[in-house]
Amino acid sequence: IVSACLIALFFLAFFAKVSYAQVESFPQATEGQITEAVEKLPHIRFLPSNPLHFFIGIKENISRFLNSSSVKRTRFDLTLSGKRLKETYLLTEKNDVKNASKALFAYSRRLEKLREQMDKARSQNQVVVELSEKIADDFAMHERLLYAISQKSESFQNSYNFDDNLKRAKNEFKKTVSAIDNVKPGLKNRFPYLWD
């Protein structure tokens with residue numbers, strides 16, 4: 001009986017630690033900080049669950065295409081990444097796991113494109129220092145929503161690959177922070193938990 005109790009306590013402690021580590025992968029944010037992040041990130045007209053969202057995607061693709069310089073595209077990708085993350089947060093609040101997972105995947109893809117355009121801008125000798133500071137400032141809002149999303153995701157049990165997409169989003173977030181640190185060393189110090 002004692003052995004069974006000890007084994008049960010071990011498993012409880014192990015699983016509590018695993019779920020705690022998942023939540024704590026981003027710094028804890030208060031409700032006020034999360035609300036501020038929602039307000040500061042770009043406005044969303046329609047969530048992906050709305051049939052009209054399709055037209056928003058077309059408009060975004062055309063607008064991105066019309067941005068001629070890599071710096072402008074990087075700025076546009078930063079805006080779109082904020083929209084995708086905000087959509088993810090709002091969809092998790094509605095428990096729409098399927099669309100939230102898709103939006104989180106789209107967030108990761110947008111960060112990849114952001115880095116590609118930033119690298120392209122640097123290779124073309126375009127000035128990206130100010131832009132890297134803007135990305136770091138916006139990422140302070142992103143990390144708050146990522147924290148809130150990771151807390152909410154505990155109840156999703158990887159439905160629609162949500163946990164996998166959340167891990168990917170964190171990885172892309174970290175890669176983007178490293179990329180902006182390459183432009184202006186020291187910016188990654190705003191996100192020390194990523195290197196713990």
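A: Arg-84 is buried, with a relative accessible area of 7%. Buried means under 20% relative accessible area, exposed over 50%, and partly exposed in between (1.4 Å probe, protein chains only). This is a predicted model: local features need pLDDT of at least 70, side-chain atom pairs count only at pLDDT 80 or more, and totals for chains, interfaces and linings use all residues. Residues are numbered from 1 along each chain as its sequence is written, and side-chain values use heavy atoms, with hydrogens and water left out.

Arg-84 sits in helix 4. Helices here are DSSP runs (H or I, at least four residues), numbered from the N terminus. The Arg-84 side chain makes a polar contact with the side chain of Glu-87, at 3.0 Å. That term covers a pair of N or O atoms within 3.5 Å; within protein, one must be able to donate a hydrogen and the other to accept it, and residues adjacent in sequence count only if both atoms are side-chain atoms.

Setting aside neighbours within four places in sequence, Arg-84 is in contact with His-53, Glu-60, Ala-103, Ala-106 and Tyr-107. Contact means heavy atoms within 4.5 Å.

Tyr-107 leads on to the core. The largest nonpolar core has 45 residues, and Tyr-107 is among those touching the most other members. Such a core is a set of buried Ala, Val, Leu, Ile, Met, Phe, Trp, Tyr and Cys residues joined through side-chain atoms within 4.5 Å. Helix 4 (70-93) and helix 5 (97-123) are among the helices that each supply at least two residues of this core. Helix 6 gives the most, with 10 residues. Phe-173 also contacts Tyr-107, along with partners including Phe-139 and Leu-146.
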